[in-house]
Amino acid sequence: MDNERSRKVSPKEAQDVKRTLAKVNILPNNWPEYLRKLGFSDRKVEGYLNNTGSLTPYWVKLKGELSGLDVGLEILLQNEVNSQNRDEQIDEILIYNQVNKNIIRNRNRAWFLYDFICHYADNNFMKHDIGRMKFELTDSQLSQIECDYKGNSLEQRYQILSTWVRAKNLTKLKKIASELKKLDLVAPEICNPKSKLGSSSQDTDTSSGASDSYISSGTDDEEISSQQEMEMSGLKHALQNSITAKIDQQTTFPLQVTKQENVKPEKFGNASSWSFRKQTDQNEITAENLFDEAARTCAEKAKSSHKTIIKPRHNIAGVTGIAGIGKTTFCKSVAKKWMETHPESLVFYISSRDLNFKNQEKYNVLKFLLASTVHSLKHSPESEKLILEKIDKSHDTLIVIDGLDEAKHKGNFSIYPSAVDLCDEKESAYNILMNLLNGRLLPNTKKLIASRPFAFQHFHPECNPLFMAHVLGLSPESQILLCKEVCETEEQQVILLKELEKQPNISALCFIPMFGKMIVKNFFDNLESGKSIRSICEIFLNQFEHWQKNPQFKTDVQFIPKLAKLAFDGIQNRQFQFATNNLKKYGLVGNSIEPFMSVHTESSKESGLMILDGEEMFFFIHATWQEFLAALHLMMFVSNEEFSAKVEDLLKEGHWEVVTRFLFGFCHQQTQAKLQTIFTDADNVRDKERLLKSKFLSFLPSMMEKLPSDFPVLPVKYFNDVKSMITANEFISHENDSTLFNICSWAYEAQDDDLTKAVSNFLPSPLLLSGDILPHEIVCFCHVLLAAEEPHILNVGSWLKAATFLGAGLQTLLNTIQQSKHKIRKLHVMDMVVLEFFDDILKLLPDIIELTLLSCDIPITYVEKLGDFITQHKINLSFLNLSGNDLNGVGQLLDTCIHTIPMLWLGDCDLNDDDFTCLSRAIRERNTNMDLLYLGWNVVSQNALKSLAPSVHQLDGLLLDDCSVSGDSLKQICHEILKRQKPMNLFSLRDSNIGLTGVSEVSTCVQNIRQLGLDYCNLTGTCLKPLLLAILKLDHQMKTFSIAGNKVGSEIIPMLAKCVHKTKRLDLDDCEINAADVKIVTNEAKSRDEPMALLNLSKKKNKFGDEGAITLTECLNKVEVLWVENCDITSVGAKALWKANLKWKRKIIGLDYEFEEVSETNSSSDEMAPVVTKPKEKQCLVS
């Protein structure tokens, strides 16, 4: 036995061991692992295992062998205990302290082997039977290991691997990695900096191996020098230290973060007009599942839109939300969690205010990534290149870009960037950012970008994140916890909550963390005085006054006008970060900016990473404080003339919305009284109040007349008319306009009854409420609505895109309607729990003609209640959508009311065979035909389809998309369709694998179908041939024939092309059509007697390019709408189509370029010039 082990240990040493190991919480089972990772050889660890429990001698030995380390042993052990990956800083210390090279070698070997066994873990290691099947250990060997190390699964796996390594005589990590790859097993990264001791490759394995799972280091011959390895280690620790310093240590409350659907729907690809976008519950997004959800969402979008999405965009997530909602807090929590779960990874946290987009400042990629990192690193160009290459290959690197709305960028982000090379030295910040977001730069890294919504609204389609997390702020539970934190007793808490309920316009803002903390604190402080708080502006003023009285802060009132001017000019110039000379320009010095601004050190302008000195940069503690001070500047410190000139911009430009809200808050008498106590000269505030209200009322009519009254297209028109469908989808693709809620919030903040009544009288009727509606928005809207003298009709959401109310918003609206003379005509909501106010919906149902409760967790008993109510009160609903709810068994509960509903959607409701039988029976009993029955995303068995078949005589439209319908099951229903007295208007089997048998059945009844959809049914030319033959024999034209997403093959194109004479609309998108195929289709189309309604040749699988586009110019006169999105058409083909269209004025969807005629005085009349500065946004049809 080791002499060190056998020597007697003093009581002091024993106590030292006991105390230190207790602090780092090392368990007996884990001790062998930590001994190895600290550098002990397997032989010494075996000695410990044979004498379990005697840790003290090893501790003494440890102190002796590692005495040269410049780090406390307790800290060293703590690092090993709390980290699942090796700490490269320890390697750095080992090298510089010239510790025994065997320790370094043992440590490297242990980390490599533990990386392997930890990757597979217990269940995977045993599930795959790696010891027996891969390492070929005998049963006796495995039994012996299991017996020797009983109860320690980690050590068992280590011994299994170690036995295999010894049997194969593998001494070098490079060789072990190579052998693991041969067995199709993960080879961990070999991380081993060369020692300055001069050890040779015989002593330590200096090769830089590749990782199958994370970082691939390239060829086996590549080596990273010790200097470069230490630079990488230094970079990692600089990043970690920088992020740790940014993370707020104060108490935080859980945030609500959810997946935001359709941030910009037209950018997500185009589904067929018949497709149903499956609505799922709004998933809770956490720091742990963020990128998993991003990848899953992108995969779903790729599938549902059948559009090729660049794979690296699966690694990109956007975060959006209103001011102060907690976007930065969420980003920091993601960064923190990532460092905890990926301790060996690099995490770059970039504040957009540190990036200069508007000047000509040039960056390289590494300088861009380090823009917000305070460090003193000096890297050679060669080291920079190697670091970037390693980042480029890494799947564990995280890049967080926070506060894009605060960037120094005057324009929008719609310009498509030029390509950026990894090692470019002089690139603009804009190009680097956009290449990161389109996935072409550092495609393997995870990227998170946060902004208020308006910045994302203008992104170029290919740079806009496909996945967007929406921060909803504090949950109701978190808001109650916030009250508990400030209250000393439960009685105070009850009183505080009651006071907040009295001011719903303020309490509704408590979900915003920044506001919530100030609101709760202000209300609590006012409990004894009995004073009421009427506006959010007053909350900020109270906080302002509190800081003025606090001796900790030295800001003198005389500096406030200068600080307010700085804030205003910053917003005016889109500047959110200020250098020292900026402050001096405004006369701000020293601590005169406390507590409104914070400071950090910005990297110097030197090339590369030679950042030894940095300039101090200042920014407001939150953008909302900058906006408050900007409003204070306008209301207090500018002349009436300046104020009047600026008001028009405030009311029209979106980024002034919060400033304008504060201005209206300053109009309230109680707020003005507060201003008088802080500033002596506040005499002209009343004059500006009158100016603001006067300007506002003069602009009000024009602002209100732009508000939409209703969704422009009824469901029946949508499915029957191409132009109506395009109108509907273009309407739905526009971003939600916040004008209505901004106007209402301004009126509420002013607390002026006359102003509120004026706003209410200008409200249009009917009026459409759409999008994601926040709690405070609906409170302000209802405040205005109650002041209206005339009754108003509200349309909430649309049948094509339902609205979402956050918090208690919908209940607030329903209560307001019930206590007024206003009515809801259409109610379409989604992703909500409506059980608590389901009875309120029923009370309003007599006035409702369209109802959607999509993914609202409605139990089947409530659907029965709904059906009975419709029957008893003879409700005439024209549209009912209950999709996305688990309604297994609902058929018999709806059969009493189906006879009154023309359009019924029951998609993704888990219907059973009995449900289809009941639905079929109820439909057959109708006096009139049903316009449309949507049953997508349910499993429709052969028996169910057989039961449903007789009802097609009373069904003008039936959609069975993605219902697992087989070809054999279609015989009965096709037979019934053939027997119909009048043709069926719409029949869709999208995403159904019906094969040749199914197509043959459909061909027998196609003469009795006006619109047929067989999109994405895995059909080949052979399958389609009988159907095409049947269509060509028709004596009339079909309205629509859609076979999108099927690989039709060029051999069938001549027959398919002739179908242009037999249909008014032909959908061939995503059918792998080439330029030669387009030529054949064009020749047939141009010989039509009259123009066809739509020819759809879009999607990337149709790669006919400019050649096909030029060919299509020949048939523009015979096509009313041509759809050619994502067909590899460059400006050459786009220009040809545009030029030909000058004569025919057709609608062409999907061209990426705008063109304009060149003046005849400057050029010949046939020359056209592409507008390259702003590519045209694609017009896409989204269902």
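User: How many bridges join β3 to strand β5?
Analyst: In this predicted model, five bridges join β3 to β5 (residues 398–402), and the two strands run parallel. Within that pairing, Val-347 has Leu-398 of β5 as its bridge partner.

User: What is the strand order in the open sheet, then?
Analyst: The order is β1-β8-β2-β7-β5-β3, six strands with mixed pairing.

User: Which strands stand at the edges?
Analyst: The edge strands are β1 (255–259) and β3 (347–351). Each has a single partner strand, so one side of each is left without a neighbour in the sheet.

User: Changing topic to helix α47. Which of its residues are buried?
Analyst: In α47 (residues 1075–1085), the buried residues are Ala-1075, Asp-1077, Val-1078, Val-1081, Thr-1082, Glu-1084 and Ala-1085.

User: What do they pack against?
Analyst: The buried residues of α47 pack against α46 (1053–1057), β26 (1092–1096) and α48 (1105–1112).

User: And which residue caps the N-terminal end of α47?
Analyst: Asn-1074 provides the cap: one of its side-chain oxygens lies 3.1 Å from the backbone nitrogen of Ala-1076.

User: Why does Glu-1084 count as buried?
Analyst: Glu-1084 counts as buried because its relative accessibility is 18%, and the cut-off for buried is under 20%.

User: Which side chain joins Glu-1084 in a polar contact?
Analyst: The side chain of His-1061 does, in a polar contact of 2.8 Å. Leaving aside residues up to four places away in sequence, Glu-1084 touches Ala-1057, Lys-1058, Val-1060 and His-1061.

User: Let us move to β26. How many of its residues are buried?
Analyst: Five of its five residues are buried, and the strand is thus described as mostly covered.

User: How does β25 pair with β26?
Analyst: Strand β25 (residues 1065–1067) pairs with β26 in the parallel sense over three bridges. Arg-1065 has Leu-1094 of β26 as its bridge partner. The chain passes from β25 through α47 to β26, a β-α-β crossover that is right-handed.

User: What about β27?
Analyst: Strand β27 (residues 1119–1123) and β26 pair in the parallel sense over four bridges. Here the bridge partner of Leu-1094 is Val-1121 in β27. The chain crosses from β26 to β27 through α48, and this β-α-β crossover is right-handed.

User: In general, what do strands of a sheet pair through?
Analyst: Strands of a sheet pair through backbone hydrogen bonds, in either a parallel or an antiparallel arrangement.

How values were computed: Residues numbered from 1 in each chain as written. Predicted model: local features only at pLDDT ≥ 70, side-chain atom pairs only at ≥ 80, totals over all residues. Heavy atoms only, no water. Pairing = 2+ DSSP bridges. Buried < 20%, exposed > 50% of the residue type's maximum accessible area, 1.4 Å probe, protein only. Contact = heavy atoms within 4.5 Å. Polar contact = N/O pair within 3.5 Å; in protein donor to acceptor, adjacent residues only side chain to side chain. Right-handed = clockwise from strand over helix to strand, strands pointing away.
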